[in-house]
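Please look through the structure shown here, first as a whole chain and then residue by residue, and keep it in view while you read the explanation that follows.

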Amino acid sequence: QVNLVESGGGLVQAGGSLRLSCAASGRTFSTYAMGWFRQAPGKEREFVAAISRSGGSTRYADSVKGRCTISRDNAKNTVYLQMNSLKPEDTAVYYCAAESSGGPVYGSKLYDAGYDYWGQGTQITVSS
């Protein structure tokens, strides 16, 4: 069992930056791949970024590539999403998720159905 708690969301102007954090409970955090997803009003939840258990494999959605960086600190049981050059279309609830196989990011790790545990989400609102 992994409990995930996101933080770091808020209201920001277009062009600004935010860093999301996701703190995980439990001693097995380092065995999980971690992902970030987002859901805008009236839209389905979509993949944003993911990182393997070692941090050696990462993937990004095309919509955030070059503007976002996912990272993790296994000693702190935390995964981060640094978001720069934010746009109004980035407005959404952002969720972190844990995937138990932990390996390289491809295939099912790009879809929410591939993840086993979810946080409650944190809201990002980007004003124009």
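In which strand does Glu99 lie? Glu99 belongs to strand β9, which covers residues 92-99; strands here are DSSP runs of E with at least two residues, helices are runs of H or I with at least four residues, and both are numbered from the N terminus. Before going further, note that this is a predicted model, in which local features need pLDDT of at least 70 and side-chain atom pairs count only at pLDDT 80 or more, while totals for chains, interfaces and linings use all residues. Residues are numbered from 1 along each chain as its sequence is written, and side-chain values use heavy atoms, with hydrogens and water left out.

Taken as a whole, the protein has 11 strands and zero helices. Its radius of gyration, taken over C-alpha atoms, is 13 Å, close to the 14 Å that the globule rule (2.2 Å times the number of residues to the power 0.38) gives for 128 residues, so the protein is as compact as a globular protein of that length. The C-alpha trace spans about 40 × 25 × 25 Å along its principal axes. Of the 128 residues, 47% are buried, where buried means under 20% relative accessible area, exposed means over 50%, and partly exposed lies in between, with a 1.4 Å probe and protein chains only. Among the contacts with a separation of 6 or more, 61% come from residues 24 or more positions apart, a contact being heavy atoms within 4.5 Å.

Leaving aside residues up to four places away in sequence, Glu99 touches Tyr32, Ala33, Lys109, Gly114, Tyr115 and Asp116. A polar atom of the Glu99 side chain also lies 2.9 Å from the backbone nitrogen of Gly102.

Is Asp62, by contrast, buried or exposed? Asp62 counts as exposed because its relative accessibility is 68%, and this residue is found in the loop between β6 (58-60) and β7 (68-73). The side chain of Asp62 is joined to that of Lys65 by a polar contact of 3.1 Å, a term that stands for a pair of N or O atoms within 3.5 Å in which, within protein, one must be able to donate a hydrogen and the other to accept it, and in which residues adjacent in sequence count only if both atoms are side-chain atoms. Asp62 and Tyr95 are 33 residues apart along the chain, and their C-alpha atoms are separated by 18 Å.
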